[in-house]
Amino acid sequence: MVEVELSQLPFTLLDEEGRDHVRRGVDLAYFDRDEIILETGQAGECVFLIHKGEVAELDTTLPASSARIGHYTAGDLFGAISILNGKSRYRFQAEQECLCYIMPKALFIQLCRHYPEFESFFKQSLSHKTRLLTEKRAEGGVTMAGFMLAKVSECMREPLLMDASADIASAVKQLNDSHADSLLVNTQGKYGMVTKTDLLNGLVLGDCSNATPVEAVAHYSLVTVTPNQYLFEALVLMTRHKVARVVVMEQELLKGVVELTDVLSYFSSRSYVVSLQVEQANSLEALAAASQRTPELVKALMAQGVKLRFAMDLLAALNGRIISKAWSFTVDETHHSDSCMMVMGSEGRGEQILKTDQDNGLILADDSQWPDVAEQMQALTQTLIRLGYPPCPGNIMVSNPEWVGSVSQWKRNIVKWVSARDGDSLMKLAILLDAHAVAGNPALLESVREELFERCSRDELLLSYFARTALRFSTPLTLFGSLKKPQHGIDIKKGGIFPIVHGVRTMALERRIKATSTLDRLDALAADGRLDRRFADDLGEALALFTELRLKQQLQELDTAIDKRTNRVVVQELSSLERDLLREAMHIVKDFKQRLSHRYHLEYS
Amino acid sequence: MSGMRLLDRHVALFSGSLRTLLQRESDRRRCAGSPYAWLFQPYMGEELVALACHASDDAQPVISVAAVVLDQHHVQTSRAWVATIANTQSANATTLRRHHCLYGTSVALAPSAENLGTLAEFIGNRPLIGWQLDRSLDRLNALFKKGLGFGLPNAQVDVAKLHQRQLRRLHPQVDIDSRIGDALDRWQLPTLSGHSVLGESTASALLYLRLQREAE
């Protein structure tokens, strides 16, 4: 009865003698449902180790919907931090009948004194919690520290300098070409600022014409900062002087311009900056630099808690723009109308958040004349590699002649794959089904897709073969419905993401749904009546959860610079709330698999 | 304290057969001048003592005892009284060792007036609870009478009977098992591992707390 489970952290940090002290020193306590175990502000008198039952940690200052900030179940420990802090910051309330071991304060402090590692465990989780809290408070995106410490030099733009005698017409042209809002002119050693508003006022309200020199509309009272000043100082200056841009000067030398939009975007998520950089890029180097910044953008978005679906949309749009830019740099303009570049796989579904391998292909119009297509496509693949898209291990790239073909060749391929129905063909069909046009003439892809639907959507036998792959990996749940906990973690891609994506893809093929993103497909399937709305929403949420967990893992690996990406999530490292969510999501996957096997008759295959 | 509970307590004090009642009264009068007189006072506090014993029938009795104090929330396992009461010189050494291993006791105390006195003082005049309490008290009281001249006068609650009553109220048809393990399962309490006396007394304490809440 007093055999306390001491085989896990933090008790493993004690030696046998210390554990014996714990065993002798603990009492038992019994709490009713909804009973308050430790009240906010109450002095911490003991550490609680839950033997049975569940306890919620509530922040009573928050509204009821968000008050629940922690959840403890059997084996978890709470109250230690209240002792270290002197009093409890939150309310601990039993959610079910609870049986807890309680360790008196004196014993706990004695243990802390004798075993420094034991103490640091709690100190660490205290700082961990504090950090979590500050991060939650700093919901302005980049954490508060980042906000306060950013320097002007991190956020300034190249100045756009023009001759003072240039006319307004050329100034407007220059502004449009460089996607800028303002330009600087230099007259007699003084700098003047011309903004779009100045030009507009000069042309409409003033008596200027297209040929008037720009210096007539320029302002010469400039607000300046140095590159080493903090960015928020620039923001303060803008507010004080009611201007939208300040000029960066260093020892009488012009260094750059900081615009209000840049500052705000920097403090929110930098999404605007990155997309602007992509648009402004007029060389491969500039594009590569912009492309390099996307992981930073992802991190900022995740820190802000942006819903994954919108983050995915944003990233898909950005990746699409980057690839289409790369395309326009390498491929001659004459070929743009009679060819279509498509991205496939996760990129095609718009579910690629960090850059994974490139999966792409090319469709040519039947009557196109393009003799050096092979060389150009080789160059395009190399360009994409330079932009940070690693090559595809399966060689599904435009540099591979197999993935370049005319519309009729593609249609012949589809017929061939449908009749072959072996693993390789089915995989190719699945890849093609996710294709999304990023550059060139999208009508070509539409006609290929039409053929694909025509050949497949009524072929029950093919659909059955096609769907079978979704059941290939088992769901990591035990016989009793709890999560499996292998030491190296569960493979979240095989166990969670793949069955949903592939199952939904199969249904989309059957129902001829043209959307390629899984979430859009789910919406379409629900509208079509093939899935009921609630289940479709559940599946979408489950997918978002898996993707988020995987993304967290990948971002961590990005930090530690391990070049091998894994999809493994170690259940033991998750918080109990995340664990619960993951378990629920896995159950949804299991349910979905059952529905699939019922619909496509996979019971005996 | 509500009047009802006060009444409960006094009724509990007078429970038991007429013979034990008279016995207790005569004990009280006899011990009026002794240091143990306070044990016969009615208890007015909130605490109880959960008791468990295991006895071996040898020529020399060997009894392992555990007593744990509990109140409405806490079971003070860290301040439990656990020992094997036996005559260390004359008792069978094997039996003694078996008691130490099986029932998880680490000290052996001779059944002297002094040692029994510490147990009596630990229990005080608090009510006693336990699983099939009368059975274990029989053996213990025999020792007490020999050593101190009186049996434990405390009010008693048999958790096994409490369990049966609650269970019959909920499921009139049920067959009631008299093992503590089944009772713990039935009320979804952690199961007992091993036979330690401390474990059993803690289990009966938890069972009592659980059943009290059930009754409210």
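**Strands, contacts and burial**

Tutor: We start in chain B of this predicted model. Strands β1(B) and β2 (residues 62-70) of chain B pair in the antiparallel sense, over 9 bridges.

Student: What makes β1(B) and β2(B) a pair?

Tutor: Two strands pair if there are at least two bridges between them. β1(B) and β2(B) have 9 bridges, so they count as paired. One example is A50(B), whose bridge partner in β2(B) is V68(B).

Student: Why is β1(B) called mostly covered?

Tutor: A residue is buried when its relative accessible area is under 20%. In β1(B), residues 48-56, that holds for 7 of the 9 residues. For chain A as a whole, 49% of the 605 residues count as buried.

Student: What else describes chain A?

Tutor: Chain A has 23 helices and 20 strands. An open sheet of 3 strands is found there, in the order β12-β13-β14, with mixed pairing.

Student: Why do β12(A) and β14(A) count as edges?

Tutor: β12 (224-225) and β14 (253-259) of chain A each have a single partner strand, so one side of each has no neighbour in the sheet. The pairing of β14(A) with β13 (residues 245-250) of chain A is antiparallel, over 6 bridges. Within it, V246(A) has V258(A) as its bridge partner.

Student: What makes E35(A) and R213(B) a salt bridge?

Tutor: The rule asks for a side-chain nitrogen of Lys or Arg within 4 Å of a carboxyl oxygen of Asp or Glu. The closest N and O atoms of E35(A) and R213(B) are 3.7 Å apart, so the pair meets the rule. Across the interface of chain B and chain A, 3 salt bridges are found.

Student: Which element of chain B gives the most to the side that touches chain A?

Tutor: That is α8(B), with 8 residues. By class, this side of chain B has 8 nonpolar, 10 polar and 2 charged residues.

Student: How many residues take part in the contact?

Tutor: Chain B supplies 20 residues and chain A supplies 18 residues. The area buried between the two chains is about 1600 Å², and carbon and sulfur atoms give 57% of that area. On the side of chain B, H73(B), P190(B) and R213(B) lose the most area to chain A, together 29% of what that side buries.

Student: How do you know that a strand of chain A pairs with β3(B)?

Tutor: Again the cut-off is at least two bridges. Strand β1 (residues 27-31) of chain A is joined to β3(B) by 2 bridges, and the two run antiparallel, so they pair. V75(B) is the bridge partner of L28(A).

Technical notes. Residues numbered from 1 in each chain as written. Chains lettered and ligands numbered in written order. Predicted model: local features only at pLDDT ≥ 70, side-chain atom pairs only at ≥ 80, totals over all residues. Heavy atoms only, no water. Contact = heavy atoms within 4.5 Å. Buried area = accessible area lost by both parts, 1.4 Å probe. Helix = DSSP H or I, 4+ residues; strand = E, 2+ residues; numbered from the N terminus. Nonpolar A, V, L, I, M, F, W, Y, C, P; charged D, E, K, R; others polar. Buried < 20%, exposed > 50% of the residue type's maximum accessible area, 1.4 Å probe, protein only.
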